[in-house]
Amino acid sequence: MNLVTQPNDDSHSDCIAAVHVSRSFGKRTVLDDISLTVRKGEIFGLLGPSGSGKTTLVRLITGLDIPNGGTITLLGEKMPKLDILSRIGYMAQSDALYGELTAQENLEFFSALYGLRGTKLKSRIKEVAELVKLSDDLKKPVQLYSGGMKRRLSLAVALMHGPEVLVLDEPTVGIDPVLRKSIWDELDNLRRAGVTMLVTTHVMDEAEKCDRLAMIRDGKVIALGSPEQLKADSQASSMEDAFIAFRGGVA
């Protein structure tokens, strides 16, 4: 099944680039001189504790906010840019779903924003529901869904229009380990299908599943690289030990 819009350009080129990005709210600096790139076709993780600036950076990348300094480009376009939104899928940290509607009605509503209708919409709902394992629960009101089911439905909403880039803010927060593994298995399938993903997390074992990641603390990138590289550079046996080793300075 065709789950994504396949990009036409070089799969090794940069898909997302943040260059010297800063964001302040009043006198409080939330992001301080952030620079990183996300390559096409990889899962890139933003690893850091709550309040480290991950969600703020995601909002800048998706064009929901504007930096005080620096630039962000997404798929070769400087953000924010309205036209680019049809090519990305965004899954926020909090589920933005209508509880009184069924899962299918939620998918139909959000898909209409991207112009999906008729037989194409029906086909797409079937494909995406199978992907997130909700095919048997599409007629159920979302208010009866468990937390894990809502997260999977939010992922389905983000996937409906076949995005080239998927931005996921804490996609597994508050769900049990079995469901967490199921979601990560689905993300791995999407990567093999050609989707580029930016994932925020504060869970160390999820960071191990990323191709590369940036460790963020107090609005700064303290280390950047593959999980194996970061553990080797810090002489650590786990991502948690590596994060502790790096947190004293900027890589």
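Buried residues (under 20% relative accessible area, 1.4 Å probe, protein chains only) make up 50% of the 251 residues in the protein. The model is predicted, so local features need pLDDT of at least 70 and side-chain atom pairs count only at pLDDT 80 or more, while totals for chains, interfaces and linings use all residues. Residues are numbered from 1 along each chain as its sequence is written, and side-chain values use heavy atoms, with hydrogens and water left out.

Eight helices and ten strands are present; these are DSSP runs numbered from the N terminus (helices H or I, at least four residues; strands E, at least two). The C-alpha trace spans about 55 × 40 × 35 Å along its principal axes.

The whole structure contains 18 salt bridges, each defined as a side-chain nitrogen of Lys or Arg within 4 Å of a carboxyl oxygen of Asp or Glu. One of them joins Asp32 and Lys220 at 2.5 Å, N to O. This pair links distant parts of the chain, with Asp32 in strand 2 and Lys220 in strand 10, 188 residues apart. Asp32 counts as partly exposed because its relative accessibility is 30%, a value between the 20% limit for buried and the 50% above which a residue is exposed.

Arg192 and Asp188 also form a salt bridge (2.5 Å, N to O). Both lie in helix 5, four residues apart, about one turn of the helix. Arg192 is exposed because its relative accessibility is 59%, whereas Asp188, at 23%, is partly exposed. The two residues belong to a network of salt bridges that links Asp188, Arg191, Arg192 and Asp211.
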